[in-house]
Amino acid sequence: MTVAVLDGGTFYHHETIFGDRFRDRFDRVIYAPALTASDLTDVTLLIVPDRLNPDLLRRHRPLLTDVLARGRTLVVLGECEAETWAPGVRSAPRPTNFWWWLDPAETPPHRFVAPEHEMFRHVAPESTVWHIHGVLFPPDGAVPLVTVPEDRDGRDPGGALLYDDRVTTPGRLIVSTLDPFYHHGSRFMPATTRFLDGFLTWTRALARS
Amino acid sequence: MIRRHAMKTILRFSCGHRVSSAAWAGRLAGLDCTVRDVDLYALDAALRDDAAALLIGMHMDQRFLQANAALLNDYVAAGGRVAISGHVAHPFLDGLTPVRPLDGGGIADLTVARAVAHPIWEGVALEDLTFRRGVAGFYGHAWHAPPEGATVIHTLGPARRPLDFIWRLGRGAVLFHGGNDLWSFGGDDTTRRLLPQLVAWLTEDRS
């Protein structure tokens, strides 16, 4: 099995991918502008980290969707404009609630609607809780794992922050709006480090299965 | 550097995520310059365009920048000014070194101190740099070693770790801020002064 990750060349991609904590979670690091088909031939699971340049992802769309067509797994994290290039992805913006955690009366709106899902054997539900960058509308048959309800009397749409889609393509597409590579790589938000501890353990388990 | 036009141009680079500097027009009123948004991968062509200064932010592809270090060094040496924000993973200009973690993450470690006054930060309160909504660390929570001869403007914590510094390179100058984009601050506090004062410094007349 081979777990590969794209590197956008930013300081936070570098710190998360090459820093001591997670370096052993990736078998291959591919500099995104230089991605070619041969980089992906033997890849069982490919991670597109959050905030990767969406122009590059749109340009590489045939290579990325081919991973799924060959029955492999593609993981796409937040702020990558996945709705413009990944199969079946629909999204809507939602105001970013950067400061929710300063109000003691505020409880996070996150719901864990499939607690028996295998991801939660590795990922603690509360480690998915930080501010929200938009929501996803999973296709019929896909499994939402973290969702938020609509808010402010319907002005902010509800939807998924993370889902698992094994129906749209022959492969497996895991999509999220969460941005842990950025925050862990900026050394500033411990919840995102705890999330990656579990999530990158799960992606290795997935690549072996 | 030959300047054919009175109106000076600042290039603000992006990496795929759209930015629009048009929203800055009101805050830059009275400054004789325009800010042009440019895809980073068009750097080579953009630098032939006689720009007075560059904004290189925290979301840039530093591997690409490092591969183009000679181009950037030549640009500054010929008289250009560059403002850089973020942490450095891949040094891309003479004088840049990789980011280093602070010794701790407490409020004392994250408290910003001013080493010298500088026009870019005139009227900007240290309290507003250290805290946002009572939370410390948004302006800076890591440090970088400055090159020899640099002027350190702000430091972090009791160990006075360098956070902002400026150095000369040939006929030009580089301003480095080791945190969130210096030009992105501007809520309802004194950090709102940073953008226009930075742009004034980037475009001031110089020989």
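Predicted model: local features only at pLDDT ≥ 70, side-chain atom pairs only at ≥ 80, totals over all residues.
Residues are numbered from 1 along each chain as its sequence is written, and chains are lettered from A in the order in which they are written. Local features need pLDDT of at least 70, side-chain atom pairs count only at pLDDT 80 or more, and totals for chains, interfaces and linings use all residues, while side-chain values use heavy atoms, with hydrogens and water left out.

At the interface, 25 residues of chain A are in contact with 27 residues of chain B. Contact here means heavy atoms within 4.5 Å. The two chains bury about 2,200 Å² between them. Carbon and sulfur atoms give 59% of that area. A:Phe11, A:Trp99 and A:Phe188 supply 31% of what chain A buries against chain B, more than any other three residues. Buried area is the accessible area (1.4 Å probe) that two parts lose on being put together, summed over both.

Polar contacts also cross the interface, with 9 residue pairs found (both at pLDDT 80 or more). Such a contact is a pair of N or O atoms within 3.5 Å; within protein, one must be able to donate a hydrogen and the other to accept it, and residues adjacent in sequence count only if both atoms are side-chain atoms. On the side of chain A that touches chain B, the elements giving two or more residues are helix H1 (11–18) and helix H3 (54–59) of chain A. Helices (H or I, at least four residues) and strands (E, at least two) are DSSP runs, numbered from the N terminus. H3(A) gives the largest share, 4 residues. By class, this side of chain A has 12 nonpolar, 6 polar and 7 charged residues. Ala, Val, Leu, Ile, Met, Phe, Trp, Tyr, Cys and Pro count as nonpolar, Asp, Glu, Lys and Arg as charged, and the others, Gly among them, as polar.

Over all chains, the structure holds 19 salt bridges. The criterion is a side-chain nitrogen of Lys or Arg within 4 Å of a carboxyl oxygen of Asp or Glu. The interface of chain A and chain B has 2 of these salt bridges. One pairs B:Arg18 with A:Asp55 (3.0 Å, N to O). Within chain A, A:Arg58 also meets A:Asp55 (2.8 Å, N to O). These two residues are 3 apart in helix H3 of chain A, about one helical turn. A:Arg58 is partly exposed, at 27% relative accessible area, and A:Asp55 is partly exposed, at 25%. Buried means under 20% relative accessible area, exposed over 50%, partly exposed in between (1.4 Å probe, protein chains only).

In chain B, B:Arg81 and B:Glu204 form a salt bridge (2.8 Å, N to O). B:Arg81 lies in strand E4 (residues 81–85) and B:Glu204 in the segment after helix H6 (194–203) of chain B, so the pair ties together parts 123 residues apart in sequence. B:Arg81 is buried, at 6%. Shared partners join A:Asp55, A:Arg58, A:Glu81 and B:Arg18 into one salt-bridge network.

Helix H3 (residues 69–77) of chain B has B:Ala69, B:Leu72, B:Asn73, B:Tyr75 and B:Val76 as its buried residues. They cover an arc of only 160° around the axis, which puts them on the same side of H3(B). The arc is that of the directions from the helix axis to the C-beta atoms. The face turned away from the buried side of H3(B) carries the exposed residues B:Ala70 and B:Asp74.
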